[in-house]
Amino acid sequence: MSEDKLPSRKDNFAEWYNQLVLKAELADYAPVRGCMVVRPYGWALWENIQQGLDRRFKKTGHVNAAFPLLIPKSFLEKEKEHVEGFSPELAVVTIGGGNVLEEPLVVRPTSETIIGYMYSKWIKSYRDLPVLINQWGNVVRWEMRTKLFLRTLEFYWQEGHTAHATAEECEEETQRMLNVYADFAINDASVPVLTGRKSNAEKFAGAVRSYSIEAMMGDTRALQAGTSHNLGQNFARAFDIQYLDWNNELQYAWTTSWGLSTRFVGAIIMTHGDDQGLVLPPKLAPTQVVIVPIYKNDDEKSRVMSVVSQVERELQVFRVKVDAREEFTPGYKYNHWELRGIPLRIEIGPKDVEKDSVAFARRDIPGRAGKSFVPHTQLDGQVAEVLQTIQASLHDRALQFRLDNTSQPQSLADLYDIVQKGWAETWWCGSPDCELKVKEDTKATTRCIPFDQSGGEGSCIVCGASAKEKVIFGRAY
Ligand SMILES: [Zn+2]
């Protein structure tokens, strides 16, 4: 067997993840440290993520555009918190065409500044608002510790940038887009996410308020899977985005930005994957159904292959692949497609042909338990039903896992214990000192202050002061 087994997910989650990404041919390491090559299979998955999001962006009134990769360095310096946040991660171009540049350029780490600059030219009046633009692209952040998909020096993403006439509209947009992310994560990726507000220490550099969707990975660590920022008038002031309001008075616009990246591929892998490899949610799987023919001789082959072709035609509404390779055994093919996470395998052998049935093998339930024999009638309906069931059960399983690994600590010691093996949901007074103490002692950070609050009041788990909100503490990627 040319495809070696993966390390056990339970014993060595980090190595399981790395090897899965390589062996399933999702991505590979690039010659420059920290960069990744997204291979065709990984890119196909990303394309399906893009489509799921893009459809939702357009439905909520957004349009796509493209802004340049290179940004004058001085732009970054216009918003104080923004430059402080991003300076250590900047890649700076100082030579172009063999000449030292008069002004250094940065390779965009994010595009608020260049887009803010353009908005100041385009927005003159309240009639020009709102501006609802999204960009699909890549950015560079000089990360020191990298991991394929989760944190790479260059990554792919979308960044939405909007401008509004009022603070209320701006806040509404920020939350709307967070909900779009949550809807996509839950319904398309079967990744249950918590929605909430970031603490001040964890918010985006330059934002008034940041919101995130947070997902629990298979090792109980948290992954921030998408963020939405209310930038208030900070960038409008820095870039002079002003408009004449209804009373003909000059006002600064209110802006937002929101992003989701190739990191989400990592979220899918680490939420659903198992010891056999990737497990993909049917809605995003590049291939939803793989058909594996089984035969021993030419006579069997001709009978089996004619049914295989027929089944392939019947299932054309799905993304179907027939693995008719002659040089590999069926067992090899099972492993091959299991590693790649194809949600449903259909096996067709001479006995199935005889009985006019086919065998289904669900990827989310390995082995015999996930197998069933179904009559060869209305296969498209049966496949649709199984894929829906898989989509839902992946979500429910992941949600149950998160609930099972989230606890309410009774004391600080209890909190420190809980964050070693899961998430803690607890009262927090809101003080950055209390947050920092937990971070320094345990490496756990506040993930978000969930929108879904039980209400009431309690005392801060760290200092005992009165607290009105509960927060999630967890170790994060
Ligand atoms: Zn406190």
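View 1. Helices (H or I, at least four residues) and strands (E, at least two) are DSSP runs, numbered from the N terminus. The model is predicted, so that local features need pLDDT of at least 70 and side-chain atom pairs count only at pLDDT 80 or more, while totals for chains, interfaces and linings use all residues. Residues are numbered from 1 along each chain as its sequence is written, and side-chain values use heavy atoms, with hydrogens and water left out.

View 2. The protein donors of the zinc ion are the SG atoms of Cys-429, Cys-434, Cys-460 and Cys-463, which lie 2.3 to 2.4 Å from the ion. Donors are N, O and S atoms within 2.8 Å of the metal (3.2 Å for Na, K and Ca), and since water is not among the atoms, sites may look incomplete. Along the chain, the donors follow the spacing C-x4-C-x25-C-x2-C. The 4 donor atoms subtend angles of 105 to 116° around the zinc ion, which makes the arrangement tetrahedral; four donors count as tetrahedral if all angles lie between 85 and 135 degrees.

View 3. Strand S17 (residues 344–348) is largely enclosed by the rest of the structure, because 5 of its 5 residues are buried. Leu-344, Ile-346 and Ile-348 point one way from the strand, and Arg-345 and Glu-347 point the other way. In a regular strand the side chains alternate between the two faces of the sheet. S17 pairs in the parallel sense with strand S15 (residues 289–293) over 5 bridges, and in the antiparallel sense with strand S18 (residues 357–362) over 4 bridges; two strands pair if DSSP finds at least two bridges between them. Arg-345 stands opposite Val-290 and also opposite Ala-361 in S18.

View 4. Strand S11 (residues 222–230) is mostly covered, with 8 of its 9 residues buried. Its antiparallel pairing with strand S10 (residues 209–216) runs over 8 bridges, and Tyr-211 stands opposite Ser-228 in S11. S10 and S11 form a hairpin with 5 residues between them, and in the turn Thr-220 has a positive phi of about 75°. S11 is also joined by 4 bridges to strand S14 (residues 254–261), to which it runs antiparallel, and the bridge partner of Asn-230 in S14 is Thr-256.

**View 5. The nonpolar cores.** The largest nonpolar core has 55 residues, and those with the most contacts inside it are Leu-26, Ile-49, Phe-149, Phe-264 and Ile-269. Helix H6 (residues 167–187) gives the most to this core, with 7 residues. A second, separate core of 28 residues includes Leu-129, Ile-133, Ala-205 and Phe-239. A nonpolar core is a set of buried Ala, Val, Leu, Ile, Met, Phe, Trp, Tyr and Cys residues joined through side-chain atoms within 4.5 Å. Leaving aside its neighbours within four places in sequence, Ile-49 is in contact (heavy atoms within 4.5 Å) with Phe-184, Leu-260, Phe-264, Val-265, Ile-268 and Leu-284.

View 6. Arg-33 lies in the loop between strand S1 (27–29) and strand S2 (36–38), and counts as partly exposed at 44% relative accessibility. Beyond its neighbours within four places in sequence, Arg-33 is in contact with Trp-142, Glu-143, Met-144, Thr-146 and Leu-153. Asp-54, found in helix H2 (residues 40–59), counts as buried at 15% relative accessibility. With neighbours within four places in sequence again left aside, Asp-54 is in contact with Asn-64, Asn-134 and Trp-136.

Key
Buried means under 20% relative accessible area, exposed over 50%, partly exposed in between (1.4 Å probe, protein chains only). Four donors count as tetrahedral if all angles lie between 85 and 135 degrees; four count as square planar and six as octahedral if opposite donors are over 155 degrees apart and all others between 65 and 115; anything else is irregular.
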